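Here is a short walk through one structure. Keep the sequence and the model in view as you read.

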Amino acid sequence: MKSDSLANGNEHEYGRTLFAQSCKFVAGITSRSQFFPSKLPEVAFFGRSNVGKSSLINALTGRRALARVSKTPGRTQQINLFDLGDRLTLVDLPGYGYARAPRVRTHAWNQLVAAYVDGRTSLRRLYLLIDSRHGVKPNDEEIMGQLDRAAVSFQIVLTKCDKVAEPTAIASSVSGTIAKHACAHPQVMTTSGVTGLGIPELRTTIATLAAPKHFG
């Protein structure tokens, strides 16, 4: 049976309610030996360094400092897990691309992320963040290919859309780019952690993964 908010056709309200729950830091994982089975469904956020990942997570949860925001690329140096109301685990993955860290360390982060997504049965979807000002870069394409090969469902989320004139046109262009990727969700989402653009819609999409039996 659907919840009352869904029965009234108000899916955005269900998403808002989910993200209004308490959200607490659970663990910071720095090695494969620290992986543990999750009792909750998980959604992960991934993208190039400085793509606005922390700002987006903070906007989704309505908390200013849940995920640490920095102007320095590569600040997230571990896999951070957050429990959202004992209903869902939010997973903040280290960024790829440029980072102010030794190459051997960034390689270790990449290997850690690859080990996490490979066969993670609790992972419902990976949200791949793309800076709307720059579009899809070669390293984004490389990551998409890796996700296809690992059979990991992913969806593109354009960030910083308050900084571009036509985010819808950019989303349309990106949709054409990802059409060849078997594991890509066809809908490209446009968001801004500053203005709140697309945040209710993204919350709703995530809510369907947290409690799919309530939808449909």
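Start with Phe82, which is buried at a relative accessible area of 3%. Buried means under 20% relative accessible area, exposed over 50%, and partly exposed in between (1.4 Å probe, protein chains only). Phe25 counts as partly exposed, at 48% relative accessibility.

This is a predicted model: local features need pLDDT of at least 70, side-chain atom pairs count only at pLDDT 80 or more, and totals for chains, interfaces and linings use all residues. Residues are numbered from 1 along each chain as its sequence is written, and side-chain values use heavy atoms, with hydrogens and water left out.

Rings of Phe, Tyr and Trp (its six-membered ring) pair if their centres lie within 6.5 Å; planes under 30 degrees apart count as stacked, over 60 as edge-to-face and the rest as tilted. The count by this rule is four aromatic pairs. One of them joins Phe25 and Phe82 edge-to-face, 5.8 Å centre to centre with 65 degrees between the planes. Phe25 sits in strand β1 (residues 23–29) and Phe82 in strand β3 (residues 79–84), so the pair ties together parts 57 residues apart in sequence. Helices (H or I, at least four residues) and strands (E, at least two) are DSSP runs, numbered from the N terminus.

Now turn to helix α5, residues 138–149. Its buried residues are Asp140, Ile143, Met144, Gly145 and Leu147. They pack against β2 (42–47), β5 (123–131), β6 (154–159) and α6 (167–178), where contact means heavy atoms within 4.5 Å. Just after α5, Ala151 takes a positive phi of about 55 degrees.

Key. Expected span 1.5 Å × (residues − 1).
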